[in-house]
Structure formats: structure tokens, C-alpha cells
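Have the sequence and the 3D view ready as you read.

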Amino acid sequence: MSKQQLRSQLSGVLSAISHSDILAQSEVIKDRLGRILEGKRDVACYMSMDEGEVDTGSIIETLFSQGKRVYLPRCTTTKRTGQVPLRYSVDNPETVKHHPHLTFHEMKTLGEVKQLTKQGKYGLKEPLIEDEKLSPLPPHLDVILVPGVAFTAGCARLGHGAGYYDDFFKRYALQHQGTAPLLVGISLKQQIIDKIPMDAHDRYMDCVVAGDGSLYCHKI
């Protein structure tokens, strides 16, 4: 089954999950993350959508209460930020083309996070900035809590298809001499599936924490 077919198949499954079930699973994930994040200081998370994925509200609150430096993403494009495009034209491989990418921004307080409003193409709660040309290059991160449409027990990940996180992982390695933060997928139990087709540019998660308390590890 293709990636797009998997996304379509999972769309109905995820939209049918009750809000109470999502909140209950999200609490399990938050507790399971405790030991993984021990000793980690710089942690990137994301602001969850209203349905169909782990609710990150209490996770972010816990990160602040533990004294972590918390970073949240903003969806943008290389044309808006002026950062180097990392994709090339299919018709002319020597020609770079602008494309979507993520910038991560440090949130100083929980209050600052709670003031975020929905904006942009996807209607997500994102950090506000005055000038996208001043968007930072990838900051040092110890851990990235990564969303996805689906994951496997082998820590493969299926994203939404725009390539935001794939681009960021590559951009991070270029900025930080080939190093990488710990990549932790957080997943509702309904998002764990048997198989995901992986392309050459796709990254496996180092581990995946599921809403039933399961922990799947790839490298650790």
C-alpha cells in the first residue's frame, strides 16, 4: 500500500477516536516520556491539532515544570526565510527550488505558549515572529518529539507528506556537523501499524512511545 493510500485509510480511523481517549493516551505517553527525557535540556515539541493525534498540552506543561528549554516549530518556506533550499528540480537537477521547511523557536514561558493562536496554511498554533527572514537556523536540540500519521514497531514513520520534518532533520545535520538529536515519535495506539513504505530520505525514529504505554526502540 502506498503512503497516500495509508494516509487516506488512517484518516477515518483517527478522526473517530474520542477526545477522552486521546487525553487518556496522552497522559500515558507523558508519564512514559519521563525517563527518556531525564538529563535532557533542550527539547522540541509541537502544538497538537484538535483531533487525530497525541495532545501535547500537558507534555509541554511538564517540560516547563522540569526546567527544560522548550522549542516549538513554525511551518514556512525557504522562499520566505531565505534559508538554503535542499531540494532540486526534477526537470533540471542543477536547479534548486524553494520548498516547505520548519524553523524551531524557543518559548520562554508556558504563558507565551498558551497565548499562541491558530495561523498559517494549516491553522496550527505556531510561534509568532515579526520577520521570517530572521528565522533561526536549527538550534541545538537534545530531543525532538515528532508527530506522525502512523508509526511501526520498527520505528518507521509516516508523515503528512509535505516533508517538513525530513527537511529539518537534514538541515539540522548540516548545521551541527552531522550530529542528530534523539528522535522520539509519540503515537496514539491506533497509529501503530504493521508496515510503512520507506524511501531513501526517510528517517527512522530512535524510539516511539505509544498511548498504551508501549515503547518501541530502534537505536536505544
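Helices (H or I, at least four residues) and strands (E, at least two) are DSSP runs, numbered from the N terminus. This is a predicted model, where local features need pLDDT of at least 70 and side-chain atom pairs count only at pLDDT 80 or more, while totals for chains, interfaces and linings use all residues. Residues are numbered from 1 along each chain as its sequence is written, and side-chain values use heavy atoms, leaving out hydrogens and water.

**Along helix H6**
- Phe168 and Tyr172 are four residues apart in helix H6, so about one helical turn separates them.

**Ring pairs**
- Rings of Phe, Tyr and Trp (its six-membered ring) pair if their centres lie within 6.5 Å; planes under 30 degrees apart count as stacked, over 60 as edge-to-face and the rest as tilted.
- Searching the whole structure turns up five aromatic pairs.
- Phe104 and Phe168 form a tilted pair, because their planes are at 55 degrees, with ring centres 4.7 Å apart.
- This pair links distant parts of the chain, 64 residues apart: Phe104 sits in strand E5 (residues 100–107) and Phe168 in helix H6 (residues 164–175).
- Phe168 also pairs with Tyr172, with centres 6.1 Å apart and planes at 55 degrees, so this pair is tilted.
- Ring pairs join Phe104, Tyr165, Phe168, Phe169 and Tyr172 into a cluster.

**Burial**
- Buried means under 20% relative accessible area, exposed over 50%, and partly exposed in between (1.4 Å probe, protein chains only).
- Phe104 is buried at 2%, Phe168 is buried at 1%, and Tyr172 is buried at 3%.
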